[in-house]
Amino acid sequence: MKFRYSESVPKRTDNPTAAILKAAADPQVISFGGGLPAPELFPVAEMKAACDRVFDHDGQQVLQYAETLGYPKLRRQIVDMMQKRGVQTDVPNVAVVTGSQQAIDLVGRMLINPGDIVLTEDPTYLAAIDVFKTYGAHLVGVEMDEAGMRPEALAQALEMYPETKFIYTIPNFQNPTGRTMTADRRAQIVKLATQAQVPLVEDDPYGAIRYAGTNLPPLKHYDQDGTVISISSFSKILAPGLRMGWLVAEQSFMEKFVQLKQNADLHTDNLTQYIVADFLDNVDLDQHIKRITDVYRHRAELMLSQIDQYFPASVRHSQPEGGMFIWVEVPGTDVDELLKVCLKNNVAFVPGSAFFAGKVQPGTFRLNFSNMDDEQIRTGIQRMAKAIQTVLA
């Protein structure tokens with residue numbers, strides 16, 4: 001059968017995300033590729049207890065159809081979580097989604113017509129790039145530095161592309177670079193978006209996992225007129241298999257969002273929503289997050305120390321204050337060739353080329369440290385160091 005696919009189906013045959021997951025599944029490979037949390041930190045016993053309580057108390061209800069925007073109790077709990085982060089909102093402005101990836105997809109579907117301009121940090125989250133391109137967006141990369149997206153570069157892009165549909169940014173421990181946008185820049189960028197009347201999509205799956213520096217308010221904190229659409233997730237603070245995230249936006253946006261959400265899946269899994277709500281009632285989430293951050297702090301520091309010790313002196317890397325990623329720049333390196341050599345030696349990473357909306361910066365790649373133990377980090381970085389020496393020779 002020859003299928004006549006729509007224009008929204010990706011044309012390319014390579015799939016970086018699938019390749020990352022495939023490498024991570026091979027037990028022989030030390031994979032610094034996927035953004036996988038540490039499974040030993042998943043609250044298995046607490047989730048099991050929550051599941052038992054939910055079935056005991058609400059068994060019939062949780063197996064029934066439910067509200068499209070989500071379980072009201074969980075949405076109220078999300079309101080409280082956002083308030084702790086510095087965002088004042090209310091239940092009607094909150095939608096529970098099937099992982100933050102669904103929110104990215106639905107926002108793209110809502111706002112993008114083929115040919116529309118979308119501004120993103122460069123580099124940025126590769127799965128967001130794929131989503132926006134699927135809906136026909138023309139992506140324009142906005143330069144960033146160690147302090148995040150540069151306001152001057154954003155202002156220039158908005159002036160050059162006044163019909164921009166929206167701006168996409170990951171302000172905390174950015175994927176792939178691990179960088180964090182400063183408070184001053186957050187305020188400036190929200191102001192620029194508001195003045196241009198361009199929506200600003202804030203993707204914040206990692207913000208709660210901070211192990212250095214000072215907590216910073218989300219971009220939504222600076223929003224006075226509904227410019228910011230804020231997306232977050234339970235994937236990194238509970239478990240990604242739950243597929244549980246949320247979106248916060250102004251009421252007029254939510255009225256349209258609920259219609260597309262109904263078309264997509266009617267509602268996010270009702271049982272899981274009840275389980276997460278029960279978990280939040282019965283477990284100290286702050287203590288659970290502290291346990292995660294303590295482990296990730298150690299693993300990040302270990303990987304950085306190994307990079308500094310074994311990689312060539314010319315190598316540069318980011319210095320993340322949280323999250324799960326380190327961005328590495330190896331001048332003069334053919335990263336595709338480096339990946340081939342690394343895979344032959346059972347170690348994997350993600351080439352930087354997958355993350356660029358605009359011109360690719362050569363010699364770059366992303367490392368994940370959250371999913372490997374100490375010995376795997378030491379062994380893997382030393383294998384990579386030898387591979388870099390081979391490629392540079």
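Buried means under 20% relative accessible area, exposed means over 50%, and partly exposed lies in between. Keep these cut-offs at hand for this tour of a predicted model.

**Cysteines**

Select Cys-51. Its relative accessible area is 22%, so Cys-51 is partly exposed. Now select Cys-342, which has 0% relative accessibility and therefore counts as buried. How many disulfides does a search of the whole structure find? The search returns zero.

Strand 10 and strand 11 (residues 325-329) run antiparallel and are joined by two bridges. To find a bridge, select Arg-316 and look across to Glu-329, its bridge partner in strand 11.

**Aromatic pairs**

The structure holds eleven aromatic pairs. Select Phe-132 and Phe-166: the ring centres are 5.1 Å apart and the planes stand at 80 degrees, so this pair is edge-to-face. Phe-132 belongs to helix 5 (residues 126-134) and Phe-166 to strand 6 (residues 166-169), so the pair ties together parts 34 residues apart in sequence. Both Phe-132 and Phe-166 are buried.

A second pair to select is Trp-327 with Phe-356, which is tilted, with 6.1 Å from centre to centre and 55 degrees between the planes. Trp-327 is in strand 11, while Phe-356 is in the loop between strand 13 and strand 14 (364-368), so this pair ties together parts 29 residues apart in sequence. Trp-327 counts as buried at 1% relative accessibility, and Phe-356 counts as buried at 8%.

**The cavity**

Last, look inside the protein. A search of the whole structure finds one cavity of 30 Å³ or more. The largest cavity holds about 40 Å³ of space. To see its lining, select Met-82, Arg-85, Glu-202, Asp-204, Pro-218, Ser-230, Ile-231, Ser-232 and Trp-246. Which element gives the largest share of this lining? Strand 8 (residues 228-233) does, with three residues. Colour the lining by class, and four residues come up as nonpolar, two as polar and three as charged.

Notes. Residues are numbered from 1 along each chain as its sequence is written. This is a predicted model: local features need pLDDT of at least 70, side-chain atom pairs count only at pLDDT 80 or more; totals for chains, interfaces and linings use all residues. Side-chain values use heavy atoms; hydrogens and water are left out. Two strands pair if DSSP finds at least two bridges between them. Helices (H or I, at least four residues) and strands (E, at least two) are DSSP runs, numbered from the N terminus. On a 1 Å grid over the protein atoms alone, a cavity is a set of points where a 1.4 Å probe fits but cannot get out, and a pocket is an open set with protein on both sides within 12 Å along at least five of seven lines; lining residues have an atom within 4 Å of a point. Grid points are joined across faces, edges and corners, and a volume is the space filled by probe spheres set on the points. Ala, Val, Leu, Ile, Met, Phe, Trp, Tyr, Cys and Pro count as nonpolar, Asp, Glu, Lys and Arg as charged, and the others, Gly among them, as polar. A disulfide is a pair of cysteine sulfur atoms within 2.5 Å. Buried means under 20% relative accessible area, exposed over 50%, partly exposed in between (1.4 Å probe, protein chains only). Rings of Phe, Tyr and Trp (its six-membered ring) pair if their centres lie within 6.5 Å; planes under 30 degrees apart count as stacked, over 60 as edge-to-face and the rest as tilted.
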